[in-house]
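Colleague: I'd like to learn how to read salt bridges and nonpolar cores in a model. Can you take me through them one by one?

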Amino acid sequence: MYAALRSVGAYVPSKILTNHDLERLVDTSDEWITKRTGIKTRHIAAPDESTSDLGVQASRKALQRAGLEPEEIDLLICATISPDYFCMPSTACMIAKKLGISNVPALDISAACSGFIYALATAKAYVESGMAQNVLIVGAEKLSAIVDWSDRTTCILFGDGAGAAVIGGTREREEAIRDVNISADGKYYDYLITPGCGTERPCSEEVVKERACFIKMKGNETFKVAVKTLTSDVVDLLEKNGVESQEITYFVPHQANYRILSAVANSLGLRDEQCVITVDKYGNTSSASIPMALNDLYEERRLQKGDLLLLDAFGGGFTWGSALLPFSPRE
Ligand code: UT7
């Protein structure tokens, strides 16, 4: 049995925060944000919308497009760094409850911006080993809840949203996910971190005062490792699978910064029409960015059966990963 990408879906909260809005919050400018990141707007969830609410909306679309009822899912994986609850229950359990899925495993994956590719690798392994038939994978983030809105170096980057995909079993080799690579290096743990409110520094008045429960990033250092790691990772994946970059229909990278994804795209010699860019409108939505971008392609009717996709992502940990797969909806 092989594993195949059957469908995608996404949900974007309606509220839009522009760079000009941010100029009123912190000492920044539309010009700086646009030039350094490529971001123009990001979406922000409503106060009564949780991460699982975003994930449920995305999941419903992915399920409907796969032609599946929720009870046909036999594994639910949610990648997130902004869970509904601090320790438990998992956001996957909350999504399962809201979708009416019970008595199947539901688990969260904590791999920051690489979470969707980690979830894809896990789903592939479950399907290929015969442990699952239809896996729902979700990348969902309400990053606005863990961003320090007084820190101009991070608050301009992030947005909220969710994306989902159904990974199903197939006996057709040409429908199969060709390869997924995931990796990590914990020596960079403090480059991108929420330092407070874990067991290392439990929640206290001091932690709250220091705003240590929010995202902190060594941006420039992270940028350099991201470009180097992602470039070698995608080159290795293509070489290993004997695929030329010109054979890729769409390169769908994690959307952290336009300069990062264009550096990787240039090193592969990709044409503009092969590169999917959504960072301008959604900002960095961490684990949700890749499935949200896939959903945009789908809803713009640009994603066709058999299109060959190259995904890549890099995030806190550091974690990273890449995947080579065709889009394989059932006829
Ligand atoms: O998704 C997971 C992985 N994440 C990433 O890969 C993100 C990686 N990092 C980045 O995307 C970029 O490093 C940033 C967009 C975060 C920052 O861009 P940069 O070109 O690396 O800028 P920088 O941090 O070197 O800062 C340059 C200057 C500094 O001023 P001085 O020290 O040169 O006077 C900053 O204080 O820009 C200043 N600055 C800002 N100015 C206006 C930092 N943030 C802002 C801001 N508005 N929002």
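Modeller: Start with Arg 6, Glu 175 and Lys 305, which are linked in a network of salt bridges. A salt bridge here is a side-chain nitrogen of Lys or Arg within 4 Å of a carboxyl oxygen of Asp or Glu. Bear in mind that this is a predicted model, where local features need pLDDT of at least 70 and side-chain atom pairs count only at pLDDT 80 or more, while totals for chains, interfaces and linings use all residues. Residues are numbered from 1 along each chain as its sequence is written, and side-chain values use heavy atoms, with hydrogens and water left out.

Colleague: How many salt bridges does the count come to by this rule?

Modeller: The count is 18. One of them joins the side chains of Arg 211 and Asp 148, at 2.9 Å from N to O. That pair links distant parts of the chain, 63 residues apart: Arg 211 sits in the loop between α7 (205-209) and β10 (216-217), and Asp 148 in the loop between β6 (134-142) and α6 (152-155). Those helices (H or I, at least four residues) and strands (E, at least two) are DSSP runs, numbered from the N terminus.

Colleague: Is Asp 148 buried or exposed?

Modeller: Buried means under 20% relative accessible area, exposed over 50%, and partly exposed in between (1.4 Å probe, protein chains only). Asp 148 has 4% relative accessibility, so it counts as buried. Arg 211 counts as partly exposed because its value is 33%.

Colleague: Which residue forms a salt bridge with Asp 190?

Modeller: Lys 218 does, with the closest N and O atoms 3.6 Å apart. Here too the pair links distant parts of the chain, with Asp 190 in the loop between β8 (179-184) and β9 (192-193) and Lys 218 in the loop between β10 and α8, 28 residues apart. Asp 190 is partly exposed at 29%, and Lys 218 is partly exposed at 34%.

Colleague: Now the greasy part. What should I look for?

Modeller: In soluble globular proteins, nonpolar side chains tend to be buried together. A nonpolar core is a set of buried Ala, Val, Leu, Ile, Met, Phe, Trp, Tyr and Cys residues joined through side-chain atoms within 4.5 Å. The largest one here has 42 residues, and Leu 310, Phe 318 and Leu 324 have the most contacts inside it. Two or more residues come from each of α8 (219-240), α9 (258-267), β12 (308-315) and β13 (319-326). α8 gives the most, with eight residues.
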